[in-house]
Amino acid sequence: FTREEASSFIAAEKLMERFMDKSMGAHFQSAMDKIRMILHGPTQDHISAIESYIRIHPARELFHQKSPDALKLLLDSIAGKTQLYMAYEAFPAKEVTERNVEPVGIFFEYGSWYFMGYCHLRKEYRQFRTDRIQQLRPTLQPFQRVHPPLEELRKKEMPTTGTRIVLRMESDAVQYIHTSKTYYGLVSEHEVVGRTELIFMTQISLHSFARWYLMFADVAEIVEPQELKEIVLEFFDLMIHNMKRPGANAGMVSSSSVH
């Protein structure tokens with residue numbers, strides 16, 4: 001292997017450690033140990049020099065502690081076309097329900113692993129997040145359906161109902177919400193008098209949407225709905241109130257004293 005190829009292995013190893021489940025991470029580590037054994041001379045020295053300088057930290061825990069091998073079990077199920085038993089914690093009720101599922105595919109999005117599958121409890125295709133899977137185990141029951149491709153199912157999941165929200169944002173700033181706007185239900189965007197109009201059909205509560213909007217409120221205006229505007233104004237009132245509380249500025253350092 002060239003030094004560049006060896007470097008790519010190290011980067012992949014760090015990603016596998018943090019973004020894959022316990023079982024798949026262990027298998028990759030075993031493969032990397034075999035690769036290290038055949039590296040010699042400058043290439044091995046190069047790996048030793050760089051591997052302690054790469055750190056990767058996911059934004060959240062990707063797997064539930066009670067189900068650390070979720071990805072392996074999902075992929076085994078897809079390959080073998082056998083159902084899985086799953087105990088799943090729904091959001092926001094935090095109610096744990098039990099069901100059999102037929103996984104169709106897995107994908108990583110918005111900092112989390114998801115799988116799409118047919119749910120025998122709800123009798124329809126559903127999307128599930130791996131960190132909410134409290135238990136997952138194989139069954140001997142075969143798939144009862146021939147499933148469409150993952151991407152076809154995901155296209156059907158695009159929001160067509162929900163709360164309509166319209167924002168107008170400075171066009172140069174749109175790039176900074178590129179990774180999150182789809183999560184919040186974006187259905188279209190276009191230029192309007194030098195600004196970008198973004199239209200959402202969101203399934204998320206207006207309070208949650210408002211908290212996201214506050215991150216870029218200085219460069220975006222809410223066109224509709226009025227209720228969202230009122231929620232944001234309530235948040236601003238609370239922020240001002242909290243800033244005026246006794247001791248709120250304790251420990252703050254004047255900008256003039258920072259060098």
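Helices (H or I, at least four residues) and strands (E, at least two) are DSSP runs, numbered from the N terminus.

**Ground rules.** The model is predicted, so I noted its limits: local features need pLDDT of at least 70, side-chain atom pairs count only at pLDDT 80 or more, and totals for chains, interfaces and linings use all residues. Residues are numbered from 1 along each chain as its sequence is written, and side-chain values use heavy atoms, with hydrogens and water left out.

**Entry: Lys-123.** I looked for this residue and found it in the loop between β3 (112-119) and β4 (124-129). Lys-123 is not a glycine, yet its phi is positive, about 60°. I then checked its accessibility, using these classes: buried is under 20% relative accessible area, exposed is over 50%, and partly exposed is in between (1.4 Å probe, protein chains only). Lys-123 counts as exposed because its relative accessible area is 57%.

**Entry: Val-193.** I found a positive phi here too, about 50°, and Val-193 is not a glycine either. Val-193 sits in the loop between β7 and β8. The hairpin of these two strands has 2 residues between them. At 82% relative accessibility, Val-193 is classed as exposed.

**Entry: β8 and its partners.** I counted strands as paired if DSSP finds at least two bridges between them. Strand β7 (residues 186-192) and β8 run antiparallel and are joined by 6 bridges; in this pair, His-190 faces Glu-197 of β8. β8 also pairs with β6, again in the antiparallel sense, over 8 bridges. There I found Thr-163 opposite Thr-202 in β8.

**Entry: the largest nonpolar core.** I used this rule: a nonpolar core is a set of buried Ala, Val, Leu, Ile, Met, Phe, Trp, Tyr and Cys residues joined through side-chain atoms within 4.5 Å. The largest one has 24 residues, and those touching the most other members are Leu-167, Met-169, Phe-200, Phe-209 and Phe-216. Two or more residues each come from β6 (163-170), β8 (195-202), α6 (206-213), β9 (220-224) and α7 (226-244). The largest share, 5 residues, is from α6. For contacts I took heavy atoms within 4.5 Å. Leaving aside neighbours within four places in sequence, Phe-209 has contacts that include Ile-165, Tyr-184 and Leu-228. Another core, of 18 residues, lies apart from this one; Phe-63 and Phe-128 are among its members.

**Entry: Arg-99.** I found this residue in strand β2 (residues 96-109). A salt bridge needs a side-chain nitrogen of Lys or Arg within 4 Å of a carboxyl oxygen of Asp or Glu. For charge, Lys and Arg count as positive and Asp and Glu as negative, while His and the chain ends are not counted. Arg-99 is buried but has no salt bridge, and the nearest side chain of opposite charge, Glu-95, is 8.1 Å away. Beyond its neighbours within four places in sequence, Arg-99 is in contact with residues including Leu-84, Cys-119 and Phe-128.

**Entry: Pro-225.** I located Pro-225 in the loop between β9 and α7. The peptide bond joining Glu-224 and Pro-225 is cis, with omega about 5°.
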